[in-house]
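User: I'd like to learn how to read this one feature by feature. Could you take me through it?

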Amino acid sequence: YPAPEPPSNHGMTVKPRAIRGMNDILPGVSSTWRYLESEVQDIVRSYGYDEIRLPILEYTELFRRSIGEVTDIVEKEMYTFEDRNGESLTLRPEATASVARAGMTNGLLHNQKQKLWTSGPMFRYEKPQKGRYRQFHQFNVEALGYDGPDIDAELIIMSARMWQRLGIDKIHLEINSLGVPESRARYREALVEYFSGVKNRLDEDSIRRLEQNPLRILDSKNPDMQDIIQAAPVMLDYLDAESAEHFSGLKALLDAAGVKFEVNPRLVRGLDYYSRTVFEWVTDALGSQGAVCSGGRYDGLVEKLGGRSTPAVGWAMGIERFVALYEACGGKAPFTQPDVYIAALGEGTQARAFALAEELRDRIAGIQIEMNLGGGSFKSQMKRADTSFAAYALILGEQELSENRIGLKPLRTGGEQENIALDDLAAVLQEKLSGA
Ligand code: ATP
Ligand code: MG
């Protein structure tokens, strides 16, 4: 006979566990998310960007080719698995590759320009810590078919409007240009030469990248390496004339729009597909996870994936960091409390209370009604009404029901209870709620 299976603690034989670095967004917190997401959506829609919804899985190959083999994401952070068909799939670590893929597979890039936004969860196998998770969320904006620098400026101006609208002030903008592949190749040589000279001070990752992808060394988070990185040659000294002009064009448009920025010649971003403009909105208010919204131009990506050459630019905002920064700047999402709590006492009142609640929902747009559930004495129902933070309690007892009336008690202002004819209830309540 086969031996019995040993008990497993990976499954549910013990207590279920949440996956490390993957958070539930709980009630109370989710309302802040929803508020901020809807504000941001309003803003990007007001600039003419339209939503694209993308699958969370793509063929692994898409990310390897677009993000680049020698990057943190592809080397060590992807959630990759084989599906039942033996094909290698990956939970998306970012959205730009999927947007480019969707543009190609849906024919959205033929003689067309696209201004798109999308949002949702991203997955990276990172070391979980404050502001850095394994499932995190991004809001993305991508514009395909535009050369810039005007669209680069628009994307940045749009993000500046978000901070302003939401009272976020502890944030600053860094920009840089990575040039075109030819000028970057010259810069690459200069970097290899420089880093080879200080090879004994490089960490293991950087030594490996020295030959394959020396630009990535600049993106290292290792504090021991920051001195050598600071002294490295900078891309701006190797920029080709056209990229330099593009960069000046962007700076002039930002100046004219009153958007302050700092040129950070060491900003390279952790993905290979960037060219020309790169930028990052950074805060000091969240500890070391300071990048809140990052983006840049990826003119070569669509072509690299086998499509027609398509200039493109976008940014991605980390929603966890965005929410944290909003709160660190004193932001508080509007708190919605119920307008009405309905207490029902005695024979037949609960069914009538439900019918009344439905009628109020039909007649008063947006009214928020909390129904007393599970019965209870008058005292306990009124206590629940009070802790619900509702503005009014409606009290339906057997006596009221028989007279076709209902008690209306203000809970926050301490006024007197009124006894209102059921026929008048919607009108009276509407007036009170709009007056409040
Ligand atoms: P970092 O430098 O902090 O690792 P990144 O350069 O890897 O960020 P991007 O790939 O540009 O980040 O992603 C865009 C945005 O997504 C970042 O600016 C950040 O706000 C957010 N983000 C990236 N990785 C994570 C993560 N693991 N957890 C939470 N937010 C993240
Ligand atoms: Mg990263």
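User: Let's start with a pairing: which residue in E11 does Asn-140 stand opposite?

Analyst: Strands of a sheet pair through backbone hydrogen bonds, either parallel or antiparallel. Here Asn-140 stands opposite Ala-316 in E11. Its setting is the pairing of E6 and E11, antiparallel over 7 bridges. Helices (H or I, at least four residues) and strands (E, at least two) are DSSP runs, numbered from the N terminus, and two strands pair if DSSP finds at least two bridges between them. Before going on: this is a predicted model, where local features need pLDDT of at least 70 and side-chain atom pairs count only at pLDDT 80 or more, while totals for chains, interfaces and linings use all residues. Residues are numbered from 1 along each chain as its sequence is written, chains are lettered from A and ligands numbered from 1 in the order in which they are written, and side-chain values use heavy atoms, with hydrogens and water left out.

User: In what order do the 8 strands of the open sheet run?

Analyst: The order is E1-E5-E6-E11-E10-E9-E7-E8, with mixed pairing. Strand E1 (50-51) and strand E8 (262-263) are at the edges with a single partner strand each, so one side of each has no neighbour in the sheet.

User: How should I read the hairpin of E3 and E4, and which residue there takes a positive phi?

Analyst: Look at the strands, then at what joins them. Strand E3 (residues 79-82) and strand E4 (residues 88-91) run antiparallel, joined by 4 bridges, and Tyr-79 stands opposite Leu-91 in E4. There are 5 residues between the strands, and Gly-86 has the positive phi, near 80 degrees.

User: What does strand E15 pair with?

Analyst: Strand E14 (residues 392-397) joins strand E15 (residues 405-410) through 4 bridges, antiparallel, with Gly-407 as the bridge partner of Ile-395. E15 also pairs with strand E16 (residues 418-421), again antiparallel over 4 bridges; there Ile-406 has Ile-420 as its bridge partner.

User: Now the ligand. Which residues come nearest to ligand 1?

Analyst: A residue counts as near if one of its heavy atoms lies within 4 Å. Of the 17 residues around ligand 1, Arg-124, Glu-126, Arg-269, Ala-291 and Ser-294 come nearest. For polar contacts (pairs of N or O atoms within 3.5 Å; within protein, one must be able to donate a hydrogen and the other to accept it, and residues adjacent in sequence count only if both atoms are side-chain atoms), start with Glu-126: a polar side-chain atom lies 2.6 Å from a nitrogen atom of the ligand. Oxygen atoms of ligand 1 lie 2.5 Å from a side-chain N or O atom of Arg-269 and 3.1 Å from one of Gln-138. The protein covers 92% of the 590 Å² of accessible area that ligand 1 has on its own (Shrake-Rupley method, 1.4 Å probe; for residues, only the protein chains shown count as cover).

User: Which element gives the largest share of the shell around ligand 1?

Analyst: E10, with 4 residues. Strand E6 (135-144), strand E10 (291-297) and strand E11 (312-318) are the elements that give two or more residues.

User: And salt bridges: how many does the structure hold?

Analyst: Side chains of opposite charge can pair when their charged atoms come close. The structure holds 21 salt bridges (a side-chain nitrogen of Lys or Arg within 4 Å of a carboxyl oxygen of Asp or Glu). One of them joins Glu-242 and Arg-276 at 3.8 Å, N to O. That pair links distant parts of the chain, helix H9 (residues 241-257) and strand E9 (residues 275-282), with the two residues 34 apart.
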